[in-house]
Amino acid sequence: MKRSRSASSSSSARKPLAPLVLLGVLAAGGASAQDARLPEARREGKVVWHTSLALDSAQRLVARFEQTYGVKVEVHRTGSERILQRVVQAYSAGIKNADVVNTSDTGHYVFLKRKGLLARYTPAGAERFPAAFKDADAMAWGWRAFPLVIPYNTRQVAGGDVPQTWRDLLDPKWKNRLVMSHPGYAGSVVTQIIALEHLFGWDYWAQLAKNRVMLVQSIHDPGRTVLSGERAAGVSGADYGPLYTERRKPGAPIAAAYPRDGVPFIFSPTAIMSFAPHPNAARLFTDFILTREIQQILADSEGIYVAHPDVTYPADRPKLSELKMLVVDPDEIDKRTEEVKKRFVELFGA
Amino acid sequence: MPSTFDRSVPVWIITAVTLVLLMILPLGWLGWVSISSEQGTTLANYVHVFSDPHLQKALWNTIVLAFWVGLASLAVGVPMAWLTGRTDLPGKRVIRALILASFVTPPFLGAFAWVMLAGPNAGLLNKIYRGVTGSDEPLMNIFTMPGLIFVVALYSFPYVYIMIVNTLELIASDLEEAGAILGASRFRVALTITLPLALPAIISGFILAVLQALALFGSPAILALPAGFHTITTQIWSFFQYPPKVEQAAAFSIPLLLATALLLQLQKRLLGRRGYAGVGGKTGARRPIPLGYWRWPALAAVFAVLACTIALPYAILTKAAFAKAWAQPLSWDNVTLANFHFTFFEYSATRDAIINTLELGIVTATVGAIMAALLAYVTNRRLVPGHQALGFLALAPVVIPGVVLAVGLFIAYTKPPLVLYGTLAILFVAYLTKELPVGYAQADTTFKGVHPELEEAGRILGAGRLRVLREITAPLARSGIIATWCFVFIGVIRELSASIILFTPATKVISVVIFDLKEEGQFAAISVLGLFMLAMTFATVLLMQTVLGRDFIGAKD
């Protein structure tokens with residue numbers, strides 16, 4: 001009973017597929033297949049990955065890695081704030097069960113660095129990443145990024161009612177019709193709250209609370225809630241994953257508004273933990289998720305913006321240069337997370 | 001059997017060690033941490049949690065919720081118990097089976113289902129209501145306090161029902177008939193004779209329902225948090241957000257613990273006072289009261305309630321499991337098996353959660369049933385001095401709400417010498433502690449039913465105690481022990497309120513995975529796993545009914 005169990009697909013289930021694994025390795029191309037670290041990673045057996053990437057997207061990525069290298073990924077998907085809680089809480093109790101950590105709260109990496117919990121590692125090709133995706137200490141790398149937008153249900157919101165600015169959501173006509181994610185769970189909302197506080201002060205959130213906003217947890221839930229028709233519009237929708245893929249389906253009653261006064265732009269760094277129990281597998285995995293192939297897939301099928309400079313974006317994605325991006329400094333996020341959560345609870349009740 | 005060895009010694013040592021590990025250590029740590037700070041002993045944590053207006057509101061919400069759930073459970077449970085226990089209402093067997101099903105349905109699944117049924121805009125019932133009436137307003141909004149009370153009461157009223165139905169079994173018809181002969185109407189008899197006789201059971205059913213509502217985590221987390229309010233349990237859970245405020249969580253747990261203990265003490269007093277003539281023996285035959293033309297309206301009312309607890313939620317869960325979009329009508333192009341494929345084959349957390357849950361369920365049920373049986377045997381046969389205390393201790397954990405137990409276990413077992421956190425063992429300890437009272441009560445009933453004279457006959461004929469145990473007692477008690485096993489197993493596989501605090505990413509169970517999926521609003525996968533959980537539960541119930549030859553909520557036909 002005292003043994004802990006891995007939450008990943010078991011190797012026994014995949015054994016009959018060994019030829020397929022081999023095919024995958026060959027298909028992945030020479031460099032990665034002959035990677036000298038592969039035997040080490042195989043010996044380590046698996047990589048434990050904590051990520052806030054949308055669940056379906058994460059599962060697809062894991063399947064690709066497992067097929068390519070035959071190394072298991074134990075994936076734990078939850079909200080950014082809960083990832084930090086679980087990883088640090090477990091580590092404090094002496095449990096080392098995290099190799100690669102990816103959250104959408106850049107403040108976390110300031111915090112983890114300060115605690116000495118991040119390993120130094122420069123992934124292959126990282127020198128070509130844009131500055132915003134790089135880390136001076138070579139510990140945390142911007143893996144992916146996404147705008148926070150206003151999802152709305154096209155059957156309930158149309159024409160002149162479509163919100164053009166964040167302040168539009170303060171109109172009393174939105175009472176009981178909005179949904180947003182919780183900063184105690186979703187890291188990107190912490191960034192969003194600070195970004196809009198910079199523009200309008202806390203008064204913005206105090207007034208928004210008067211519209212009795214439905215509170216959900218994940219940054220992907222507002223999109224789903226709006227799609228189901230339960231609420232007309234979302235205050236915080238991650239513009240990738242489900243919101244992007246559902247929007248692409250013909251006839252889906254969902255669209256996304258990019259507010260004119262600025263779009264909070266969320267970076268999701270990836271880092272290897274200093275206490276990683278599977279360091280070689282962790283490095284292999286980190287390189288893998290930063291390859292052009294994988295980054296291109298993330299861009300094409302999930303609508304994610306990525307670090308790799310050679311990736312091209314689908315025609316229906318806005319160019320980043322055309323967006324008025326609101327970016328918050330990681331140090332400020334790290335310093336203000338507690339304050340943000342506390343004030344949010346005071347204003348919104350839970 | 002001459003022996004120099006006092007056999008009570010090992011019994012007491014084992015019991016004491018178990019008790020320390022299961023209860024005293026966690027509760028002791030809980031109390032200690034609640035008065036600790038970096039500066040030493042302090043009452044500051046209590047001052048903080050009781051002066052913070054936000055936390056005061058959580059306390060008040062819990063009181064409101066528990067009180068109204070208690071009343072609503074009475075309003076539903078009492079008439080239903082009377083109708084099925086005392087009258088000639090048709091379809092009693094079906095009704096009892098459905099109440100049994102409500103009893104074993106995990107309340108958090110009910111809450112999920114009711115989000116899909118009565119979410120103010122996308123909820124199916126509200127859509128139908130709007131379509132029929134043309135109204136802009138919803139029929140009901142589940143994300144409110146009344147909505148929460150409604151859903152919690154749906155799965156708490158069976159406690160009232162079972163309590164009362166069992167008491168009504170014991171009330172002879174003579175008194176009621178005397179009333180009827182003296183000219184009282186059926187309902188006057190019910191109100192002035194049956195009701196007072198059943199009053200202790202009614203109040204104690206009320207207390208049980210209140211206790212359910214106090215300790216519940218899942219339903220408030222699903223229905224109250226979106227509406228922007230907390231209850232004590234959800235608040236304790238959110239104290240664990242980073243950075244964890246364990247001291248405050250501990251301080252906030254103590255009032256919940258005390259309230260539970262007080263209410264149970266009250267209930268025990270009420271039930272212990274059996275000074276009511278006519279209750280307690282099977283002095284006369286029971287004749288069902290004819291309902292006349294009220295039969296059909298009464299039956300309709302009963303089925304309306306059961307539709308809310310069983311038919312509607314199960315239907316919407318099934319629909320969501322097979323639908324591409326749960327909020328859209330189930331037309332042919334909306335039907336899919338992809339949700340099952342995703343849940344069982346793509347989502348990698350599922351498989352291990354199922355294995356963990358089954359492993360914990362089987363181990364806890366086995367250890368729990370053995371412990372409960374041994375304790376019940378020892379106390380019933382008075383094998384050791386102080387056997388009454390053993391029985392009391394086995395029942396004691398019933399006062400600890402799951403969340404509170406979890407906070408205590410978390411504090412006790414995240415530090416040396418016994419670091420169980422991060423392993424399945426800490427969940428095993430939590431489940432065993434939580435389920436021991438239920439298991440003991442069931443095993444106790446079993447051994448009360450095996451009369452000592454059979455064992456004595458064996459002893460007189462020369463068999464030793466062990467041989468008697470093996471050849472006489474064990475076969476007679478077997479079905480009762482299997483039922484105990486099933487009880488514990490059902491309790492374990494649906495457990496959420498302790499698991500949600502004690503799990504780590506590597507030790508997830510099904511209920512926790514369902515809760516994780518809820519964070520992303522993955523209703524389809526939740527429904528698939530929910531149906532799977534229900535299937536496991538009902539398979540166990542069927543097993544239990546087969547070995548017992550009857551259902552376990554009393555009432556023999």
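**Reading the two chains**

Guide: The secondary structure of chain A comes to 14 helices and 12 strands. Helices (H or I, at least four residues) and strands (E, at least two) are DSSP runs, numbered from the N terminus. This is a predicted model, in which local features need pLDDT of at least 70 and side-chain atom pairs count only at pLDDT 80 or more, while totals for chains, interfaces and linings use all residues. Residues are numbered from 1 along each chain as its sequence is written, and chains are lettered from A and ligands numbered from 1 in the order in which they are written.

Visitor: What radius of gyration does chain A have, and what would a compact globule of 350 residues have?

Guide: The radius of gyration is taken over C-alpha atoms, and the globule rule is 2.2 Å times the number of residues to the power 0.38. For 350 residues the compact globule comes out near 20 Å, and chain A agrees at 20 Å. Its C-alpha atoms fill a box of roughly 60 × 45 × 45 Å along the principal axes.

Visitor: What percentage of the residues in chain A is buried?

Guide: A residue is buried if 20 or more other C-beta atoms lie within 10 Å of its own, exposed if 12 or fewer, and partly exposed in between; the C-beta atoms are placed from the backbone. In chain A, 53% of the 350 residues are buried.

Visitor: And what does the secondary structure of chain B come to?

Guide: Chain B has 24 helices and 2 strands. Its radius of gyration is 25 Å, close to the 24 Å that the rule gives for 557 residues, so chain B is as compact as a globular protein of that length. The C-alpha atoms of chain B occupy a box of roughly 80 × 70 × 50 Å, taken along the principal axes. Buried residues account for 50% of its 557 residues.

Visitor: How is chain A divided into domains?

Guide: Domain bounds come from an automatic or database domain assignment. Here domain 1 is 11-145 + 267-306 and domain 2 is 146-265 + 319-348. The centres of the two domains, taken over C-alpha atoms, are 28 Å apart.

Visitor: How many residues of domain 1 of chain A are in contact with domain 2 of chain A?

Guide: Two residues are in contact if their C-beta atoms, placed from the backbone, lie within 7 Å. By that test, 22 residues of domain 1 of chain A meet 23 residues of domain 2 of chain A. On the domain 1 side, helix 6, helix 7 and strand 4 of chain A each give two or more residues, and helix 7 supplies the largest share, 6 residues.

Visitor: Which classes make up that side of domain 1?

Guide: Ala, Val, Leu, Ile, Met, Phe, Trp, Tyr, Cys and Pro count as nonpolar, Asp, Glu, Lys and Arg as charged, and the others, Gly among them, as polar. The side of domain 1 of chain A that touches domain 2 has 7 nonpolar, 10 polar and 5 charged residues.

Visitor: How many residues does the contact take from chain A and from chain B?

Guide: It takes 47 residues from chain A and 43 residues from chain B. On the chain A side, the elements supplying at least two residues each include helix 5, strand 2 (72-77), helix 6 (80-92) and helix 14 (330-348). Helix 6 of chain A gives the largest share, 7 residues. That side divides into 17 nonpolar, 20 polar and 10 charged residues.

Visitor: Is helix 5 of chain A mostly covered or mostly uncovered?

Guide: Mostly covered, with 11 of its 15 residues buried. Among them are A:Leu61, A:Val62, A:Phe65 and A:Tyr69. The expected span of a helix is 1.5 Å times one less than its number of residues. Helix 5 (residues 55-69) reaches 21 Å from its first C-alpha to its last, close to the 21 Å expected. Just after helix 5, A:Gly70 takes a positive phi of about 70°.

Visitor: Which backbone angles deserve a check?

Guide: Most residues other than glycine have a negative phi, and most peptide bonds are trans. A:Ala138 has a positive phi of about 55° although it is not a glycine. A:Ala138 lies in the loop between helix 7 (106-114) and strand 4 (140-153) of chain A, and counts as partly exposed, with 14 C-beta neighbours inside 10 Å. A:Asn176, also not a glycine, has a positive phi of about 65°. Its loop runs between strand 4 and strand 5 (178-181) of chain A.

Visitor: Where is the peptide bond that is cis?

Guide: From B:Tyr242 to B:Pro243, with omega near -5°. B:Pro243 sits in the loop between helix 12 (232-238) and helix 13 (246-272) of chain B.
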